[in-house]
Amino acid sequence: MSVLTRDEAQTRAELLDVHHYTIELDLTGGDDTFDSRTLIRFAARVDGDTFVELKPAELRTVTLDGHPLDPEALDGNRLALPNLTAGEHELRVDARMRYSRTGEGMHRFTDPTDGETYVYTQLFMDDVQRVFAAFDQPDLKAVFELSVTAPQNWTVLANGITEQTDGVWTAAPTPLISTYLVAVAAGPWHSVRTEHRGLPFGLHCRRSLAPYLEADADELLDVTRACFDRYHEKFDEPYPFDSYDQAFVPEFNAGAMENPGLVTFRDEFVYRSAVTDTERQTRAMVIAHEMAHMWFGDLVTLKWWDDIWLNESFAEYMGYQTLTEATRFSDTWTDFGVTRKSWGYDADQRPSTHPVAPEAVDDTASALLNFDGISYAKGASALRQLVAWLGEKDFLAGINAHFARHKYGNATLADFIDNLAGATDRDVHAWADAWLRTTGVDTLTPRITPGEHGTCALTVDRAGSRPHRIAAGLYDRDLGDDGGQLVLRERLHLDLPHTEANPIGKRPALLLLNDGDLTYAKVRFDPESFETVRKELSGLPEPLTRAVVWNALRDAVRDGELAPAAYLETARAHLPLETDLAVVQGVLAFASTYIADRYLTPEERPAALATLSELCRDLIRRTEDGDNPGLRLIAVRHRIDVAAHPDTIAAWLADGTVPGGPELDPELRWRVLARLAVLGATDEAAIAAELERDPSATGQEGAARCRAALPDPEAKARAWEAMFGSDDLSNYLFTATARGFWQPEQADLVREYVGRYYADAVAVADRRGPAIADAAGRWAFPAHAVDADTLRLGEECLRDADPIPALHRKLVDQLDDLARALRVQRAGEK
């Protein structure tokens, strides 16, 4: 299959003006394929040659202006349209298409709970070609009219309002949109419908999830309405589509997809088990993020994939900011600082880093790799810094000018920067060059120099080239009766680079750069401040401040400047006193996944697990009064994950509850059973019994993970064969199996598979495509095997095996993380 290059797209956009698609889909033909008939009306501006894209199981007929074309002329995914004359044309394509089991194209899923079947599209980047013929690039927008023939008991959702007559569902014509934004979701959905501001709103999920959607429908709709209203206060352009449906769909690869009028979400967001308020906030943020795309991405669309940030960075920033302004979730930037920025920082320090706005993305395969922590988290951080520098009033004025000039069309970075520049006297072009065209993370280090009469001055050393507007927090010790607290004296606002020393009065107990987290940079501490952090971190008054400190400690560990054990000691001392759920979750996740499993040697790991287990026990004891169920749930989850001995968690499973709560719901039961499997304290009979108790899709995934985690050579062989020897696993079952397979406790048992991994991953990626390649690189990689041999084998694979781009990128990142872990371990040995 050929990927579309930037040059080809530009040539085709100069030749064609695409007007209208009429698409007829028939979903009644069986479990493996469906019928797709497409009529494309378009014009050629001059005489020339071009092509249309399609990935069929069978191409039956093609006619151009009534004249048949040879279906055998299809070359991979391209059908040539030679010798076009200037003027109007009609292309008709009749094909049989394959359903997907990997979340790409038209994905088909049968719910094991009740046997009901659902299908939905995910057409992003170039997967529209799996569903219908298209001139598949973002700047050839058109009107789309869809009709879908579906089984009698199904409901069909689409980008516009749908109506049903005799089993055929017809969707209202769309405004001008890009091919990758077309959406269909069909099946016996359970729906919750309402209206807001004259528009139909809907929530949809599988029937087996209906009770859980009903339980959260008020919250979901409240967030949707609040964000919708807030965007209308911010943006001059009204919502540009005729309805707003949100469908929670099974086995979805992304968090969500911004299809106009029909946003699709992974249906894990319909919670079957207890969740924390931070997880509810995350779901609400995704709702806000996808709604922002209705303007950033759908109304105004990037011209080519080098401007991904015009979609994702803006939706990320707007999602967090609007949620803070419009809903009860008023502290979203703490969660962003803990969970999202670290994603950006890590990505930006790998060899695969790229600018937020790269100057050239050569083809669609390369573009797909850029949907990462840089395009989302770093880009959103840059926009937050831009708003701090520019002011929100001018920022919104520039955005609204951008919408007015490019609505229902396409735009570039240059267009956007010009529109911003028109709203301010500041040099936005220079800002864009410094922030959007560069790579890497700046590092800010304070220097405090003594002056006269006990006063001090602050100078900030900057490793990097970007300008920064930051706050420096000066904290003193509380000398009152309570003590143990740090009190903010003032926040000093600084524009960097700034070479002059800033007087700060007497020396503070803690000086914190980037207090408030308004910029994107690593920060360091002066020695006195670092001692304060070690001893008094939990005494800082604001969770966002504490998040900045924890991120700085995390960066110091990764950079080999702070011993992993010292991070654990700090967590042991201060996390039991932490009140913010996002901070607790973020610190525990880093401590267990990275420090215990990778940054400490196998000999040091048992002591780390014991420390984390004691920390979780402290948090569980602290929450016995029931005042903070979210904190207790986090502590219980992590106590299960770090259990070195089975007795306690096995007793919880037998009793169906943790003493004092919570009761073990399906998520916790599968979590316990997975850990017992790792420890060799359960067996196939227990897994089968639990699956009979919970035969849902998530139960199937839980069982797959448990079976792969059993410390038994035959179980490992079966799991490996399922992942790499056959192509039967769906994307979710592949991931579940991979997550169970590698366990640090089982390093000797699975050692032979480390050498097999690279060749088998390359082969399965070649056969099954980017979604499975991503899963194979992300979840099936032997990340626990922190040694020179694993690194050497990976480097040989990259050099000799030519993995497809999606796997190549994942391997580059994993191997860089592995090399970093080796450096951290060696630094700890000195």
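A residue is called buried when its relative accessible area is under 20%. In this predicted model, buried residues make up 59% of the 830 residues. The protein contains 26 helices and 28 strands, and its C-alpha trace spans about 90 × 70 × 55 Å along the principal axes. A compact globule of 830 residues would have a radius of gyration near 28 Å, and the 27 Å of the protein therefore agrees with that expectation. Of the contacts between residues at least 6 apart in sequence, 72% join residues at least 24 apart.

**Helix α1**

Helix α1 covers residues 6–15, and its buried residues are A9, R12, A13 and L15. Viewed down the axis of α1, these residues fall within an arc of 160 degrees, so they line one face of the helix. An α-helix has 3.6 residues a turn, so residues three or four places apart point the same way. D7, T11 and E14 are exposed on the other side of α1. The buried residues of α1 pack against three strands, β1 (16–26), β2 (33–44) and β3 (48–53).

**Helices α4 and α5**

Two packed helices are described by the angle between their axes and the distance between the axes. For α4 (residues 308–326) and α5 (residues 332–348), the axes come within 9 Å and cross at roughly 145 degrees. The residues that make this contact are set out below.

| Helix | Residues in the contact |
|---|---|
| α4 | E316, Y317, Y320, Q321, L323 and T324 |
| α5 | T332, W333, D335, F336 and R340 |

By class, the contact of α4 with α5 has five nonpolar, three polar and three charged residues.

**The sheet of β25, β24 and β27**

Three strands form an open sheet in the order β25-β24-β27, with antiparallel pairing. β25 (486–496) and β27 (510–513) stand at the edges, and each has a single partner strand, so one side of each is left without a neighbour in the sheet. From one strand to the next, the twist averages 20 degrees.

Strand β24 (residues 468–477) pairs with β27 in the antiparallel sense over four bridges. Within this region, G473 stands opposite L512 in β27. Helix α11 (residues 527–536) packs on the sheet and touches β24, β25 and β27. The direction of α11 makes about 100 degrees with that of β27.

How values were computed: Residues numbered from 1 in each chain as written. Predicted model: local features only at pLDDT ≥ 70, side-chain atom pairs only at ≥ 80, totals over all residues. Heavy atoms only, no water. Buried < 20%, exposed > 50% of the residue type's maximum accessible area, 1.4 Å probe, protein only. Helix = DSSP H or I, 4+ residues; strand = E, 2+ residues; numbered from the N terminus. Arc of directions from axis to C-beta. Contact = heavy atoms within 4.5 Å. Axes fitted to C-alpha atoms, helices over the stretch in contact; angles between N-to-C directions. Nonpolar A, V, L, I, M, F, W, Y, C, P; charged D, E, K, R; others polar. Pairing = 2+ DSSP bridges. Rg over C-alpha atoms; globule rule 2.2 N^0.38 Å.
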